[in-house]
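Please open the structure in a viewer and keep the sequence at hand.

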Amino acid sequence: MPKFLIEASYTAEGFKGLQKDKAAGRLAAVKSALKAVDGELECLYWCLGDRDAIAIAEFPNTVAASAFASAVTASGAARTRTTALLTAQEFDAALAKTVNYHAPGR
């Protein structure tokens, strides 16, 4: 299944919920939400810096990834940024494609 990097930033209200639920509670909630869209969690970490949490998850397709991200954002407790991840084999396949493109003004 395709893998995605999910970066999340909590709102103030979301952080209050995290303090109440604890990290273990949020981990269980994320796993449950992923299961609802046939996704699977590879890892989840809380972080310092611009993002409060990052996860790597597998989804059957981009529709499922979008459904998950939309549900998290619609909760009002966090904002997400989701990035598709490619293996070396997938990226080499992309590099092998010929694309007729020219930069603007050239």
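Please note that the model is a predicted one.

**First stop: Lys 3 and Glu 58**

The structure holds 5 salt bridges. Select Lys 3 and Glu 58, whose side chains form one of them, with N and O 3.9 Å apart. Lys 3 belongs to strand β1 (residues 3-10) and Glu 58 to strand β3, so the pair ties together parts that lie 55 residues apart in sequence. Lys 3 is partly exposed, at a relative accessible area of 31%, whereas Glu 58 is buried, at 19%.

**Second stop: Arg 81 and Glu 7**

Next, select Arg 81 and Glu 7, where a salt bridge of 2.9 Å (N to O) joins the side chains. Distant parts of the chain are linked here: Arg 81 is in strand β4 (residues 78-85) and Glu 7 is in strand β1, 74 residues apart. Is Glu 7 buried or exposed? Glu 7 is buried, because its relative accessible area is 13% and the cut-off for buried is under 20%. Arg 81, at 45%, counts as partly exposed.

Move to Arg 26, which forms a salt bridge with Asp 21; the closest N and O atoms are 2.9 Å apart. Both residues are partly exposed, Arg 26 with a relative accessible area of 27% and Asp 21 with 34%.

Select Asp 52, in the loop between β2 (40-46) and β3 (53-58). Asp 52 is buried but has no salt bridge. Which side chain of opposite charge is nearest to Asp 52? That side chain is Arg 51, 7.8 Å away. A polar atom of the Asp 52 side chain does lie 2.7 Å from the backbone nitrogen of Tyr 10. Leaving aside residues up to four places away in sequence, Asp 52 touches several residues, among them Phe 15, Tyr 45 and Trp 46.

**Fifth stop: the surface**

Select Leu 86, Phe 91 and Leu 95, which make a nonpolar surface patch of about 330 Å². Phe 91 lies in helix α3 (residues 88-95) and is partly exposed, with a relative accessible area of 45%.

Finally, select Val 99 in the segment after α3. Val 99 is exposed, at 65% relative accessibility. From C-alpha to C-alpha, Val 99 is 31 Å from Ala 69, and the two are 30 residues apart in sequence.

Methods:
Residues are numbered from 1 along each chain as its sequence is written. This is a predicted model: local features need pLDDT of at least 70, side-chain atom pairs count only at pLDDT 80 or more; totals for chains, interfaces and linings use all residues. Side-chain values use heavy atoms; hydrogens and water are left out. Patches are made of residues with over 30% relative accessible area and no salt bridge: like charges are joined within 9 Å, nonpolar side chains (Val, Leu, Ile, Met, Phe, Trp, Tyr) within 5 Å. Accessible areas come from the Shrake-Rupley method with a 1.4 Å probe; for residues, only the protein chains shown count as cover. A salt bridge is a side-chain nitrogen of Lys or Arg within 4 Å of a carboxyl oxygen of Asp or Glu. Helices (H or I, at least four residues) and strands (E, at least two) are DSSP runs, numbered from the N terminus. Buried means under 20% relative accessible area, exposed over 50%, partly exposed in between (1.4 Å probe, protein chains only). Lys and Arg count as positive and Asp and Glu as negative; His and the chain ends are not counted. A polar contact is a pair of N or O atoms within 3.5 Å; within protein, one must be able to donate a hydrogen and the other to accept it, and residues adjacent in sequence count only if both atoms are side-chain atoms. Contact means heavy atoms within 4.5 Å.
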